[in-house]
Amino acid sequence: MDLSEGGSIKVTVDTSKITVITADMFISALKTAGIDHGHIYVTSPVPATGESALAGIMNSYEEATNVTIPDNVKNAANDEIVTEAEIVESENVTAEQVSDLVDNVKEIVINQNITNHTTIVNIIYNYTVENNLHLSNSSIEKLAITIENVQSVQDDVENYTKEVDKVL
């Protein structure tokens, strides 16, 4: 991990070892956790889907900044990446499609401060229709709950980010 990226985050994934989670998925989950600085290289000694790497990245970031990420924020970020991996593995969609969906819906939900579950489900559903993605109702529901959770921790993310900015 290199924190000298100054105001941006870059993730490089060793795709010969990390088989499901993409750099964009890591970036999205890290932003959920309030991490928006640095260059992170993700690999594994053996082939792995990659979800568990997020915990190690967040741990390393805490060590490097000496600022603790709130548990509810860590949980929201982990839930995001696990849900994305489950959908990629169970539905006929690519990791890039799921990552784009999550990023777009999160942006709408956060920017418009949407907290209503049905509204979030509708935003996801509309995105899937507009982009010709076919997700089961179960996957849409899982995503809605995940994005609701991300939205619910935004105040803690903002406070965490302010603390990290003092250090960096």
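This is a predicted model: local features need pLDDT of at least 70, side-chain atom pairs count only at pLDDT 80 or more; totals for chains, interfaces and linings use all residues.

Q: With which residue does the side chain of Lys-106 meet in a salt bridge?

A: A salt bridge requires a side-chain nitrogen of Lys or Arg within 4 Å of a carboxyl oxygen of Asp or Glu. The partner of Lys-106 is Glu-80, with 3.1 Å from N to O. Lys-106 belongs to helix H4 and Glu-80 to helix H3 (residues 71–90), so this pair ties together parts that are 26 residues apart in sequence. Glu-80 is also buried, at a relative accessible area of 1%.

Q: How many salt bridges does a search of the whole structure find?

A: The search finds five. One of them joins the side chains of Glu-86 and Lys-142, at 3.6 Å from N to O. Because Glu-86 lies in helix H3 and Lys-142 in helix H6 (residues 137–152), the pair ties together parts 56 residues apart in sequence. Glu-86 is partly exposed, with a relative accessible area of 34%, and Lys-142 likewise counts as partly exposed, at 39%.

Q: What separates Lys-166 and Glu-163 in helix H7?

A: These two residues are three apart in helix H7, which puts about one helical turn between them. Lys-166 is exposed, with a relative accessible area of 65%, whereas Glu-163 counts as partly exposed at 38%.

Q: How should I read the side chains along a strand?

A: In a regular strand, side chains alternate between the two faces of the sheet.

Q: Which strand is joined to E2, and by how many bridges?

A: Strand E1 (residues 9–13) runs parallel to E2, and five bridges join the two. Within this pairing, Lys-10 has His-39 of E2 as its bridge partner. Together with H1, the strands E1 and E2 make a β-α-β unit, which is left-handed.

Q: Is helix H1 mostly covered or mostly open?

A: Helix H1 is mostly covered, with seven of its ten residues buried. Those buried are Met-25, Phe-26, Ile-27, Ser-28, Ala-29, Leu-30 and Thr-32. After H1 comes Gly-34, with a positive phi near 85 degrees.

Q: Which residues other than glycine have a positive phi?

A: Asn-113 is one of them, with a phi of about 50 degrees. Asn-113 sits in the loop between H4 and helix H5 (117–130), and it counts as exposed at 56% relative accessibility. Asn-132 has a positive phi too, near 55 degrees. Its place is the loop between H5 and H6, where Asn-132 is exposed, with a relative accessible area of 57%.

Q: Where does Ile-108 lie, and what distance separates its C-alpha atom from that of Ile-120?

A: Ile-108 is part of helix H4 and is partly exposed, with a relative accessible area of 34%. Its C-alpha atom is separated by 9.2 Å from that of Ile-120, a residue twelve positions away along the chain.

Q: Finally, how is a pocket read, and which helices supply at least two residues of the lining of the largest pocket?

A: One may look at a pocket's space, then its lining, then the classes of the lining residues. The largest pocket holds about 210 Å³ of space. Helix H1 (23–32), helix H4 (95–111) and helix H7 (154–167) each supply at least two lining residues. The largest share, five residues, comes from H4. The lining includes Ile-27, Ser-28 and Thr-32, which are also among the buried residues of H1. Lys-106, the salt-bridge partner of Glu-80, lines the largest pocket as well. By class, the lining has four nonpolar, four polar and four charged residues.

Notes
Residues are numbered from 1 along each chain as its sequence is written. Side-chain values use heavy atoms; hydrogens and water are left out. On a 1 Å grid over the protein atoms alone, a cavity is a set of points where a 1.4 Å probe fits but cannot get out, and a pocket is an open set with protein on both sides within 12 Å along at least five of seven lines; lining residues have an atom within 4 Å of a point. Grid points are joined across faces, edges and corners, and a volume is the space filled by probe spheres set on the points. Helices (H or I, at least four residues) and strands (E, at least two) are DSSP runs, numbered from the N terminus. Ala, Val, Leu, Ile, Met, Phe, Trp, Tyr, Cys and Pro count as nonpolar, Asp, Glu, Lys and Arg as charged, and the others, Gly among them, as polar. Two strands pair if DSSP finds at least two bridges between them. A crossover is right-handed if, with the strands pointing away from the viewer, the path from the first strand over the helix to the second runs clockwise. Buried means under 20% relative accessible area, exposed over 50%, partly exposed in between (1.4 Å probe, protein chains only).
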